[in-house]
Amino acid sequence: MNSQTAFANALLDPELPCPGGLTTWNGSDPATRFAVYRNNVMVSLIDALADTYPVVQELVGEEFFRAMARVFAQANPPRSRVMAYYGHDFADFLAAFPPATSVPYLADVARLEMARVRAYHAADVPPIQPETLQVALTKPEQLMSLRLVLHPSVQVIASPFAIFSLWAAHQGVLCISSVDPEQAQTALVFRDALDVDTLEITVGISKFVRALQSGLTLFDAAGAASSADPEFDLSHALAMLLRLQLISHLTTTDEYHEHTH
Amino acid sequence: MPNRFNSPTQALGAAADTLPTRAGVGLKPEHYQEILATQPNIGFFEVHAENYMVPGGPFHHYLTRIRERYALSIHGVGLSIGADASLDIEHLNALAALLARYQPQSFSEHLAWSTHGPAFLNDLLPLPYNTATLQRVCDHIDQVQSHLGRRMLLENPATYVEFAASTWDEGAFLTEVVRRAGCGLLLDVNNVHVSSVNHGRDAHATIRSMPLAQVGEIHLAGFAQQLDANGDLLLIDSHGAPVAQAVWDLYAFTLGLTGPVATLLERDNDIPAWPVLLAEANVADRQLWELRQRDERPAKVLDASQQIQNVSTVTHEVAA
């Protein structure tokens with residue numbers, strides 16, 4: 001084992017002894033000084049998770065959150081030098097973390113918070129030009145065979161719990177006592193100019209958005225949404241996407257998949 | 001082997017476009033809007049490269065607008081130049097794209113490592129100074145400069161331990177890296193102070209042992225303090241406090257040797273309101289202004305520092 005392997009392993013595992021080969025000018029125990037590195041690494045990772053997951057932290061309390069984040073960080077150090085998305089898999093960890101099972105909606109709230117981070121940093125793509133859309137609307141039959149490419153920040157987070165209301169209550173826009181966590185909710189996350197926005201959406205709209213993102217034509221996406229939700233109203237859904245400026249362009253080809261295979 | 005980056009005047013893009021010899025501040029998202037609204041009179045801004053390796057959104061929106069008005073330094077924290085593994089080509093490509101997009105006046109990285117296997121450890125970790133690590137660091141810098149097509153600055157670290165395997169002192173090691181790889185030095189004066197206290201060294205002698213003729217930027221920051229196992233002071237490079245008086249004194253001493261150099265106020269934790277950081281930067285800016293009034297660069301003193309470097313190189317060769 002080379003020296004950096006020993007150093008790195010001991011940084012992440014506090015049970016391991018201080019690595020060998022370290023010296024100090026005054027003959028003091030190098031373990032105390034090595035602990036500074038160990039602490040720097042762990043605190044920076046826990047702080048990164050706390051930045052990304054403020055509502056998860058509020059739901060369980062700071063002390064519990066930091067202890068939980070430490071367990072996660074020790075087992076899951078970053079795999080990327082870009083720290084913005086560190087802990088993108090924190091929700092899966094939370095779902096399987098026994099001490100957190102008393103808060104069953106924690107993992108889905110975490111998914112919502114990570115979606116907000118992704119939306120914040122998503123690529124900048126301008127919305128469709130109104131003229132382009134007007135031309136398409138004059139030929140409704142062609143329109144239905146088109147694919148709608150949505151803004152890269154758009155994400156749908158569905159949960160058997162009231163994740164939107166729980167999240168909103170922690171933004172001070174809803175009173176937490178009015179929230180029934182057992183109510184299923186679906187949230188739409190997207191960026192509006194420079195701000196990330198989060199809305200509660202119906203099952204039909206969530207199926208519609210996901211179908212569009214999977215590359216289905218407008219006709220097929222509307223069909224998928226209607227069969228999941230008899231209340232689904234295509235013109236209402238399109239109006240919402242247009243009003244929020246989430247349609248980037250129209251295309252006859254499946255752009256979501258053409259570059260990925 | 002001749003290195004095409006050996007002379008600063010030959011460095012691609014460096015001669016025509018360098019950071020002004022003024023004070024700059026680390027750019028934080030908390031301050032984007034106030035900076036654009038008030039357009040403070042400041043020399044440059046510096047950002048951490050990895051924070052901007054995201055597709056779009058507010059970070060790029062604001063940095064683009066700030067870059068239109070100010071000089072920029074891009075400072076990497078994730079390249080892991082001191083790692084005993086190969087550099088990550090994907091990361092080098094991401095850096096190249098970022099530099100192409102923002103055309104910064106300076107690019108710098110650290111004499112440290114931060115990755116191991118697939119893990120990124122998110123800290124600047126120390127390495128022993130010996131012939132093997134010297135070769136590796138020089139090879140990596142050569143690769144970085146070739147890949148990016150520009151000269152880079154390498155920053156001296158703040159460290160808490162030393163290695164039995166070290167055979168060079170830090171100043172001689174950095175002098176040799178700069179000489180062989182043809183990079184410049186980002187002299188972090190706070191790191192010199194922190195490491196000097198932590199390892200019982202003379203900070204002024206350490207400054208003198210650095211390759212001062214190749215300093216392209218200075219960093220100033222605050223530290224935290226604790227005690228080691230013997231009860232001796234152990235300083236932590238926290239970037240979470242104002243610059244200490246001892247570091248301001250060492251900075252003045254350093255400027256006396258180098259002449260005016262672009263100087264960054266780093267603050268990454270407990271970030272204060274923008275006017276507080278600006279006021280701290282103005283303390284450095286005033287000293288730089290006074291120096292510029294006196295002389296562009298004190299040539300005689302530089303000669304002296306070069307002589308000291310030559311002596312330290314010779315001393316090392318005799319010792320080796």
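Predicted model: local features only at pLDDT ≥ 70, side-chain atom pairs only at ≥ 80, totals over all residues.
**Stop 1: chain B as a whole**

Select chain B. It comprises 10 helices and 13 strands. Of its 320 residues, 49% count as buried. Among contacts in this chain between residues at least 6 apart in sequence, 77% join residues at least 24 apart.

**Stop 2: the barrel**

Now select the strands β1, β2, β3, β4, β7, β9, β10 and β13 of chain B. Taken in the order β1-β2-β3-β4-β7-β9-β10-β13, these eight strands form a closed barrel with parallel pairing. Neighbouring strands of this sheet are turned by 30 degrees against each other on average, direction ignored.

For a helix that packs on this sheet, select residues 274–294 of chain B, which are helix α9. Helix α9 touches β1 (23–26), β10 (215–220) and β13 (263–265) of chain B. The direction of the helix makes about 155 degrees with that of β1(B).

To examine one pair of strands, select residues 44–48 and 71–75 of chain B. These are β2 and β3, and they pair in the parallel sense over five bridges. Within this pair, B:Glu46 has B:Ser73 in β3(B) as its bridge partner.

Next, step back to the loop between α1 (32–38) and β2 of chain B, where B:Gln39 lies. Although B:Gln39 is not a glycine, its phi is positive, at about 45 degrees. Is B:Gln39 buried or exposed? With 11 other C-beta atoms within 10 Å, B:Gln39 is exposed, because a residue counts as exposed at 12 or fewer.

**Stop 3: a hairpin in chain B**

Select residues 113–116 and 119–125 of chain B. These are β5 and β6, which pair in the antiparallel sense over three bridges. Which residue of β6(B) is the bridge partner of B:Trp113? The partner is B:Leu125.

Two residues lie between the strands of this hairpin, and B:Gly117 takes a positive phi near 55 degrees there. Then select B:Asn122, which lies in strand β6 of chain B. Its phi is near 55 degrees, a positive value in a residue other than glycine. B:Asn122 has 24 other C-beta atoms within 10 Å and is therefore buried, since the cut-off for burial is 20 or more.

**Stop 4: where the chains meet**

Display both chains and select the residues in contact between them: 36 residues of chain B are in contact with 39 residues of chain A. On the side of chain B that touches chain A, the elements giving two or more residues are α2 (58–69), β5, β6, β8 (162–163) and β12 (233–236) of chain B. The largest share, six residues, comes from β6(B). By residue type, this side of chain B divides into 20 nonpolar, 10 polar and six charged residues.

**Stop 5: the domains of chain A**

Colour chain A by its two domains: domain 1 covers residues 1–103 and domain 2 covers residues 123–261. The C-alpha centres of the two domains of chain A lie 37 Å apart.

Select A:Pro99, in the loop between α5 (90–95) and α6 (106–121) of chain A. A:Pro99 counts as exposed because it has 11 C-beta neighbours inside 10 Å.

**Stop 6: the largest nonpolar core**

Finally, select A:Ala110, A:Ile163, A:Phe208, B:Ile141 and B:Leu220. These residues have the most contacts inside the largest nonpolar core, which has 143 residues. The largest share of this core, nine residues, comes from α6(A). Why does the core lie between domain 1 and domain 2 of chain A? Both domains give residues to the core, so it lies between them.

End the tour on A:Ile163. Leaving aside residues up to four places away in sequence, A:Ile163 touches A:Tyr105, A:Asp108, A:Val109, A:Leu112, A:Ile157, A:Gln185 and A:Ala187.

Notes:
Residues numbered from 1 in each chain as written. Chains lettered and ligands numbered in written order. Helix = DSSP H or I, 4+ residues; strand = E, 2+ residues; numbered from the N terminus. Pairing = 2+ DSSP bridges. Axes fitted to C-alpha atoms, helices over the stretch in contact; angles between N-to-C directions. Contact = placed C-beta atoms within 7 Å. Nonpolar A, V, L, I, M, F, W, Y, C, P; charged D, E, K, R; others polar. Domains from an automatic or database assignment. Core = buried A, V, L, I, M, F, W, Y, C linked by C-beta atoms within 7 Å.
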